[in-house]
Amino acid sequence: MEALVSDYEKTDMGTIQIAPEVIEIIAGLATVEVEGVAGMSGGISSGIAELLGRKNLSKGVKVEVGQREAAIDVSIIVEYGRRITEIASEVQHGVKRSIETMTGLNVVEVNVHVHDVLFKPAEKIEEEDAQLRVR
């Protein structure tokens, strides 16, 4: 099955087309760069979460791309103890900025879906507590 590409821009030399998968990768990269994002989630229905691996940067990202506009949905996992609304807002701004800068498309919306919270492993917390006591 062939991937759909949008007729993005016609120039004197021809047409520039950007595949939706490219937009998904840009959105995924911009999302995992936000501090407090522990990883991307494939969604509740898939039950699969991808923690900060760079294996599949488009996992947890859905895009709708028109000729001049794009709408983005990202599903994330946040680190425990972080302010979720601030992280989601940073993701929205970062994704919008990255896509608009790299593609010239107007991003009309970025929807952030928080699917999980990642807790630190117990042994790491104990190590950090021990370091604080030994000063």
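Modeller: The side chain of Thr 31 has a polar atom 2.7 Å from the backbone oxygen of Ala 27. Such a polar contact is a pair of N or O atoms within 3.5 Å, where within protein one must be able to donate a hydrogen and the other to accept it, and residues adjacent in sequence count only if both atoms are side-chain atoms. The model is predicted, so local features need pLDDT of at least 70 and side-chain atom pairs count only at pLDDT 80 or more, whereas totals for chains, interfaces and linings use all residues. Residues are numbered from 1 along each chain as its sequence is written, and side-chain values use heavy atoms, with hydrogens and water left out.

Thr 31 belongs to helix 1, residues 20-32; helices (H or I, at least four residues) and strands (E, at least two) are DSSP runs, numbered from the N terminus. With a relative accessible area of 0%, Thr 31 is buried (under 20%; exposed is over 50%, partly exposed in between, with a 1.4 Å probe and protein chains only). Beyond its neighbours within four places in sequence, Thr 31 is in contact with Val 37, Met 40, Val 74, Ile 76, Val 91 and Val 95, contact meaning heavy atoms within 4.5 Å.

Just after helix 2, Gly 104 adopts a positive phi of about 80 degrees.

Strand 6 (residues 69-79) has eight of its eleven residues buried, so it is largely enclosed by the rest of the structure. Strand 3 (residues 37-41) pairs with strand 6 in the antiparallel sense over three bridges, pairing requiring that DSSP find at least two bridges; Gly 39 stands opposite Ile 77. Strand 5 (residues 61-65) is joined to strand 6 by five bridges, also antiparallel, with Val 61 opposite Val 74, and the two form a hairpin with three residues between them. Strand 7 (residues 106-118) runs parallel to strand 6 and is joined to it by eleven bridges; there, His 113 faces Ser 75.
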